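Biologist: Could you walk me through this model and tell me what stands behind the words you use?

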Amino acid sequence: MKKTIITVVGNDTVGIIAKVCTYLADNRINILDISQTIVQGYFNMMMVADTSASDKDHGTLSKELSDLGDEIGVVIHCQHEDIFNKMHRI
Amino acid sequence: MINIFEVNETNKMIEQENLDVRTITMGISLLSCVDSDFEKLKTKIYDKITGYARDLVATGDRISMEYGIPIVNKRISVTPISLVGGGACRSASDYAELAKVLDKAAYETGVNFIGGYSALVSKGMTPQEEMLIRSIPEALSSTERVCSSINIGSTRTGIDMDAVKLMGEIILETAKATRENDSIGCAKLVVFCNAPDDNPFMAGAFHGVTEGDCVINVGVSGPGVVRTALKDVRGADFETLCETIKRTAFKVTRVGQLVAMEASKQLNVPFGIVDLSLAPTPAIGDSVAEILEEIGLERAGAPGTTAALALLNDQVKKGGVMASTAVGGLSGAFIPVSEDQGMIDAVNDGALTLEKLEAMTCVCSVGLDMIAIPGNTSAATISGIIADEAAIGMVNQKTTAVRLIPVIGKDVGDIATFGGLLGHAPIMPVNGFSCEAFIERGGRIPAPIHSFKN
């Protein structure tokens with residue numbers, strides 16, 4: 001299973017997590033881990049997700065999450081976890 | 001498991017510090033295309049390149065999207081064309097015709113450059129190799145994406161001074177043939193000493209004859225990331241400085257290694273090497289000169305520059321080597337002038353001269369790169385500069401290169417504009433004393449004593 005890291009960064013507002021999680025649930029994406037902080041008023045969230053049950057490919061998910069981010073007013077990235085593992089783990 | 005701070009660090013490098021993979025370069029051997037029938041040769045070359053590289057650009061774009069890391073260029077390098085065309089080309093124009101085939105293949109596959117319009121003449125030139133060299137002005141002025149490189153010397157063979165003399169003339173002719181665009185043809189022409197067989201970076205990339213049929217080489221980048229990391233250690237001692245560069249280079253290279261392995265897997269082509277170079281772009285904050293400033297110099301070119309560049313180059317290699325299974329190519333810091341805003345500023349401020357750049361090439365990974373000089377510079381003077389640079393490479397057992405652009409119709413004080421990644425450059429003054437009699441001698445400079453290792 002290749003895990004996907006979803007990051008959400010932007011101005012804090014009501015319902016960010018709700019909207020992102022609703023999208024993930026609708027697309028059968030399982031959330032394995034969530035961490036979230038507020039840094040200087042900025043909402044900062046990282047999710048580790050399993051997308052293997054989703055019908056949509058990475059490109060579609062990435063695009064739709066990015067569009068959802070535009071709607072909420074935050075930036076959403078969707079990346080395979082390997083880029084982080086490679087960089088930060090030997 | 002990976003934590004939010006690590007994820008943020010990586011994404012900050014990508015979004016704010018210009019971390020990217022500079023190039024995925026597919027090396028393709030054209031030796032199997034050799035044919036004495038010129039038309040058959042052209043068809044075989046075109047078919048092999050477009051067949052092998054059909055999915056290169058799409059694969060690069062997909063990897064970029066999946067990992068969220070920009071992959072700026074997708075490129076192709078091929079076997080030196082002097083060897084491939086030797087049996088079929090009867091004139092310089094025939095060779096230039098092959099350049100057009102390469103150009104067409106580059107358009108078809110969507111790559112932005114194709115390298116390998118090359119000849120390896122470090123000890124002497126065959127008639128075919130000389131023919132290819134003489135075709136360069138026509139080849140580079142009638143194509144857009146073809147890059148040419150000529151290896152005129154090596155530590156093992158010495159320097160072919162006949163080729164050096166010829167290249168001075170060819171650079172000037174290429175400049176004249178592309179005078180409408182600030183002599184941009186010369187930006188696609190590199191003269192090497194000790195050229196590596198597996199370099200993924202243009203304009204000097206070619207697929208060496210020691211390589212396999214097809215290979216994926218990746219060039220990483222990241223001057224902005226190194227510079228940002230160094231901001232946190234201002235005033236610290238050299239050990240701390242070096243350690244910081246090393247750690248950063250490690251992280252940057254790991255991303256390159258990941259992309260290389262993934263590209264290799266998806267394209268079903270063997271992985272070759274990762275080139276650990278710090279390659280600047282004209283973008284603000286993506287500058288090697290700014291790293292030198294961060295190390296403690298007011299401007300690149302100030303006293304201390306060579307030492308700062310030497311430590312930078314060395315630490316990049318030390319950090320990168322451990323991060324990759326195989327490193328190669330040029331690997332180190334690039335110091336092109338036109339492609340680095342900090343270097344351009346240093347030249348404009350009078351801090352950086354051609355002579356200081358030459359000193360810097362003794363300790364960096366390449367050589368005199370993307371330097372605009374007056375269009376009325378003589379061919380002999382250009383040859384003299386090439387010979388100096390080749391001598392540095394030959395004696396120090398390192399790659400050196402010259403990519404000079406004599407900008408026809410422009411002089412010191414003017415600016416040459418090349419556009420895109422090639423940037424723009426102030427025309428730099430060149431020492432006006434003649435080396436005509438030196439270049440006129442002809443023949444070969446023998447290999448240095450320390451090349452005899454057997």
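Here is how that talk went.

Modeller: This is a predicted model, where local features need pLDDT of at least 70, side-chain atom pairs count only at pLDDT 80 or more, and totals for chains, interfaces and linings use all residues. Residues are numbered from 1 along each chain as its sequence is written, while chains are lettered from A and ligands numbered from 1 in the order in which they are written.

Biologist: Why is Val226(B) called buried?

Modeller: A residue is buried if 20 or more other C-beta atoms, placed from the backbone, lie within 10 Å of its own. Val226(B) has 27 such neighbours inside 10 Å, so it counts as buried. Val226(B) sits in helix 8 (residues 223-231) of chain B; a helix here is a DSSP run of H or I, at least four residues, numbered from the N terminus, and a strand is a run of E, at least two.

Biologist: Which residues is Val226(B) in contact with, leaving aside neighbours within four places in sequence?

Modeller: Ile245(B), Thr248(B), Leu278(B) and Ile291(B). Contact means that C-beta atoms, placed from the backbone, lie within 7 Å.

Biologist: What makes strand 2 and strand 3 of chain A a pair?

Modeller: Pairing takes at least two DSSP bridges between two strands. These antiparallel strands of chain A are joined by nine bridges, so they meet that definition. Asn30(A), for one, has Asp50(A) in strand 3 as its bridge partner.

Biologist: How many residues of chain A are in contact with chain B?

Modeller: 22 residues of chain A, facing 18 of chain B. Helix 3 of chain A gives the largest share of chain A's side, seven residues.

Key: Contact = placed C-beta atoms within 7 Å. Buried ≥ 20, exposed ≤ 12 C-beta atoms within 10 Å, placed from the backbone.
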